[in-house]
Amino acid sequence: MNTQVAIIGAGPSGLLLGQLLHNAGIKTVILERQTPEYVLGRIRAGILENGTVELLREAGVSRRMDAEGLIHHGVEFLFANQRIPVPLSELTGGKTVMVYGQTEVTRDLMEARQACGAQTIYGVEQVELHDLKNDKPFVTFVKNGETCRLECDFVAGCDGFHGVSRQSIPRDILREYESIWPFGWLGLLADTPPVNHELIYAHHERGFVLCSQRSLTRSRYYLQVPLSDKVEQWSDERFWGELKRRLPDELSQKLVTGHSLEKSIAPLRSYVVEPMQYGRMFLVGDAAHIVPPTGAKGLNLAVSDVNYLWRILRQYYRHGREDLLSHYSQLALNRVWKGERFSWFMTHLLHDFQDKSAFDRKMQEVDRQYYLGSRAGLTTIAENYVGLPYETVE
Ligand SMILES: Cc1cc2nc3c(=O)[nH]c(=O)nc-3n(C[C@H](O)[C@H](O)[C@H](O)COP(=O)(O)OP(=O)(O)OC[C@H]3O[C@@H](n4cnc5c(N)ncnc54)[C@H](O)[C@@H]3O)c2cc1C
């Protein structure tokens, strides 16, 4: 079997890269460990930056997103029960974010790939990458008990944090940067109308709260919880009770509760690996970096990597631009680090840290006063939240 670009992983980054390359006449095969149903069952991100929306449009997969996605012109912060609006579009020259779930993005991409006849092989095992430093790398994998070989020009490692791609790079070449946060997020998804038309990021002495949403009838709420908590300890009743306790009366009285469709606890991690390429293999998305979800950047950074990689590969195949291949890692990392910084900043600003010194608590308080009390501070938050511009690939 052979192709031009072998893509490992059919998450949003692998599928979007596959679609953009296919549209440019470049052949791809995607290898995915799970079944399509499993991939679609994962409840994850829901806020799309301006640049993500534009790239999905460019890929030709935006019909449902444009019809059903909700455009948000602002977000709200809440400190000491005081509501502080952040008018995103007013502060960024008209930019907005789109509320449209990662599950829906993935579904649209899967359908587009199926419609165009490009190949995705689900349920593969024992994926191994070979000869990445040569002009003709190849991938081996097991499907239905049979070992298969896929020859290619390039490998795109879109296989998430626990994938095989990053682990195929020799340890002495990689530099890892990591910070583990001392709490987790307990998330609950319910078919109830959101408590507010915009997202609310709330600080409370009992812990952080995010009131998010997936549509006008589907809400996603998160509570900061200790890392030792187990999801079984959180009945729906306990979750709703705690959420109400952390919201001001005007919101908790409006909150519509209901049966949870999904409930899970996610630990928070900041992580980046450098470089993001090794020979003819490129790392994309969560395979190379993880952010705490506080800045809504995880999916958006994965899309940002795709934006650079597909443009570089298109230039390579169309115009023989071999020189651009070595630019990928730095281009991607420039933007990744800015996303990491914003996610780190938002996590610091909004959470309750049990072990913070009195001095650090004061710093957190003054940061809040400055960033949320001045137009300059609010503009900094707004322009990062809607997404910083991409660099040009040339
Ligand atoms: C629980 C959770 C909640 C999240 N919530 C948010 C949020 O609220 N906001 C936000 O912005 N981001 C969130 N994220 C982050 C966001 O979902 C990710 O950044 C995004 O999914 C990255 O896309 P990806 O395609 O790079 O990786 P993934 O979505 O992880 O896709 C990787 C794919 O590779 C496959 N794979 C793995 N190993 C192999 C292998 N060896 N062979 C073949 N296939 C393999 C996996 O099955 C998977 O389908 C969350 C992530 C998690 C885990």
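Me: How many residues surround the ligand?
Reply: This is a predicted model. The closest are Ser13, Glu32, Arg42, Gln102 and Asp286.

Me: How do the residues of the shell divide into nonpolar, polar and charged?
Reply: Take the shell around the ligand by residue type. Seven of its residues are charged and nine are polar. The nonpolar ones number 14.

Me: Which helix gives the largest share of the shell around the ligand?
Reply: Two helices each supply at least two shell residues: α1 (12-23) and α9 (298-319). The largest share is three residues. That share comes from α9.

Me: What distance separates a polar side-chain atom of glutamine 102 from an oxygen atom of the ligand?
Reply: A polar contact needs N or O atoms within 3.5 Å. Proline 12 places a backbone N or O atom 3.4 Å from a ligand oxygen. For arginine 44, a polar side-chain atom lies 3.1 Å from an oxygen of the ligand. For glutamine 102, the side-chain distance is 2.8 Å.

Me: What percentage of the ligand's exposed area does the protein bury?
Reply: Start with the ligand taken alone. It exposes 1000 Å². Of that area, the protein buries 85%.

Me: Which domain does the UniProt annotation place at residues 3-342?
Reply: Over residues 3-342, the chain is 30% helix and 31% strand. The end C-alpha atoms of this stretch are 38 Å apart. The unreviewed UniProt entry annotates these residues as a domain: FAD-binding.

Notes
Residues numbered from 1 in each chain as written. Predicted model: local features only at pLDDT ≥ 70, side-chain atom pairs only at ≥ 80, totals over all residues. Heavy atoms only, no water. UniProt positions renumbered as here; feature names shortened; annotations may be inferred. Helix = DSSP H or I, 4+ residues; strand = E, 2+ residues; numbered from the N terminus. Near = heavy atom within 4 Å. Polar contact = N/O pair within 3.5 Å; in protein donor to acceptor, adjacent residues only side chain to side chain. Areas by Shrake-Rupley, 256 points an atom, 1.4 Å probe, with all protein chains shown as cover. Nonpolar A, V, L, I, M, F, W, Y, C, P; charged D, E, K, R; others polar.
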